[in-house]
Amino acid sequence: MPPATTQITTVPLLDLVAQYAAIKDEVLPAVLRVIESQQFIMGPAVSQLEAEIARLSRAAHGVGCASGTDAGLLPLKALNLKPGDEVITTPFTFFATAGTIHNAGGTPVFVDIEEGTFNIDPAAVERAITSRTRAIVPVHLFGQMADMERLLAVAEPRGIKVIEDACQAIGARRKVGGRWRAAGELGWVTAYSFFPSKNLGAWGDAGMMVTSDDAAAERLRRLRLHGGARQYHHDEVGTNSRLDTLQAALLLAKLPHLSAWSAARREHAAYYSKALAGVPQLRTPVVDAPNEHIFHQYTVRVERRDALQAHLKQEGIGHAVYYPIPLHRQPCFAHLGYRDGSLPRSERAAGEVISLPIYPELTRAQLDRVIDAIRGFYL
Ligand SMILES: Cc1ncc(COP(=O)(O)O)c(C=O)c1O
């Protein structure tokens with residue numbers, strides 16, 4: 001006989017099947033329409049998604065591309081970096097943020113993060129500027145925006161471009177001078193990823209750039225299509241990095257849900273933070289006062305992380321460490337000369353963070369299960 005009440009045994013880190021079940025009837029017809037048209041490259045679904053994401057970002061243009069990685073790479077390519085040109089960024093991020101700087105021909109310059117938000121520290125950025133600095137790439141990590149107003153105050157007078165890595169922060173916003181400003185609104189170009197696990201996720205790889213610089217938008221459109229505005233005419237060498245039409249149709253069907261999904265993530269985060277506030281070995285996420293966080297990840301700092309991970313695994317609770325090795329300590333960047341202790345706040349964060357399940361469809365019972373497992377471990 002099955003038990004009268006359902007016992008929750010496991011809580012996955014992410015449950016995309018639950019999301020699919022909830023929106024299946026909306027998304028399948030949209031995807032089917034593309035299949036039935038047999039028009040898989042560009043077309044109205046891509047243009048409409050570009051317009052919608054630009055609107056959400058309060059930017060003039062959206063330029064779809066194949067991934068968040070390419071959305072970071074193409075604006076850096078558009079800067080025509082020369083050997084020795086420097087791009088300042090954070091080491092506490094997904095690898096693509098710095099890999100793209102290298103692949104665009106620049107040198108990544110890593111500076112430390114703020115202790116609370118895990119985002120790049122504007123004071124450290126200012127100290128790192130040299131005559132070779134061409135751009136700054138802040139990452140709106142885990143879904144909350146970096147301190148854009150201070151970064152722009154450092155960058156703009158010097159003619160340095162700010163490229164926002166908003167791959168984890170679609171729909172995030174920040175109050176600047178009493179006004180809400182969106183992720184993607186203030187930077188020169190902003191990169192988004194629609195990787196399946198993102199708050200707005202495709203069924204494969206996809207990405208987009210937004211900008212309000214007309215010339216930059218035109219250049220990015222060329223770069224994603226072999227460097228030519230007209231077919232078989234190539235003004236420069238670009239690549240094939242289009243946003244798939246099937247993915248665009250799916251993302252358009254998902255987009256109306258994004259704001260409610262992010263609100264649900266915020267509610268879950270508030271619930272966790274209240275319940276975990278009394279655990280002295282754990283620090284809940286710090287939200288910078290001007291920010292509206294979209295909680296792509298709910299990331300806490302803990303003591304005895306390895307033992308906690310083993311405990312959560314045993315309890316069937318999904319978790320992950322984003323990111324265990326800061327990028328300045330990756331073997332591929334050894335030639336840059338950073339040492340252990342070079343960027344202590346990033347290194348400390350890498351040793352202490354753990355991310356917990358935060359997807360919108362989580363039930364109260366599942367949240368309680370995670371909370372009980374953590375409290376049971378420490379208290
Ligand atoms: C901060 C950050 N930058 C860049 C990327 C790269 O995006 P993608 O995986 O779509 O290439 C990601 C996501 O994976 C990311 O989280």
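**Sheet pairing and aromatic contacts**

In this predicted model, Leu282 stands opposite Val302 of strand E12. Strand E12 spans residues 298–302 and is joined to E10 by 2 bridges. The two strands run antiparallel. They belong to an open sheet of 3 strands, ordered E10-E12-E13, with antiparallel pairing. Strand E10 (282–283) and strand E13 (353–356) form the edges, and each pairs on one side only. Helix H9, residues 258–276, packs on this sheet. H9 touches E10, E12 and E13, and its direction makes about 20 degrees with that of E12.

The structure holds 12 aromatic pairs. One of them joins Phe118 and Phe142 edge-to-face, at 5.7 Å centre to centre and with 80 degrees between the planes. This pair links distant parts of the chain, 24 residues apart. Phe118 lies in the loop between strand E3 (107–110) and helix H5 (122–128). Phe142 lies in the loop between strand E4 (133–137) and helix H6 (148–155). The relative accessible area of Phe118 is 6%, so this residue counts as buried. Phe142 is likewise buried, at 3%.

Phe295 and Tyr298 make a tilted pair, because their planes lie at 35 degrees; the ring centres are 6.0 Å apart. Phe295 is buried, with a relative accessible area of 6%. Tyr298 is buried too, at 0%.

Ring pairs also build a cluster from Phe92, Phe118, Phe142, Tyr322 and Tyr323.

Charged groups meet rings as well. The charged end of Arg173 sits over the ring of Trp180, 4.0 Å from its centre. The charged end of Arg364 sits over the Tyr271 ring, 4.0 Å from the ring centre.

Methods: Residues are numbered from 1 along each chain as its sequence is written. This is a predicted model: local features need pLDDT of at least 70, side-chain atom pairs count only at pLDDT 80 or more; totals for chains, interfaces and linings use all residues. Side-chain values use heavy atoms; hydrogens and water are left out. Two strands pair if DSSP finds at least two bridges between them. Helices (H or I, at least four residues) and strands (E, at least two) are DSSP runs, numbered from the N terminus. Contact means heavy atoms within 4.5 Å. Axes are lines fitted to C-alpha atoms, for helices over the stretch in contact, and angles run from 0 to 180 degrees between N-to-C directions. Rings of Phe, Tyr and Trp (its six-membered ring) pair if their centres lie within 6.5 Å; planes under 30 degrees apart count as stacked, over 60 as edge-to-face and the rest as tilted. Buried means under 20% relative accessible area, exposed over 50%, partly exposed in between (1.4 Å probe, protein chains only). A charge sits over a ring if NZ of Lys or CZ of Arg is within 6 Å of the ring centre and within 35 degrees of the ring normal.
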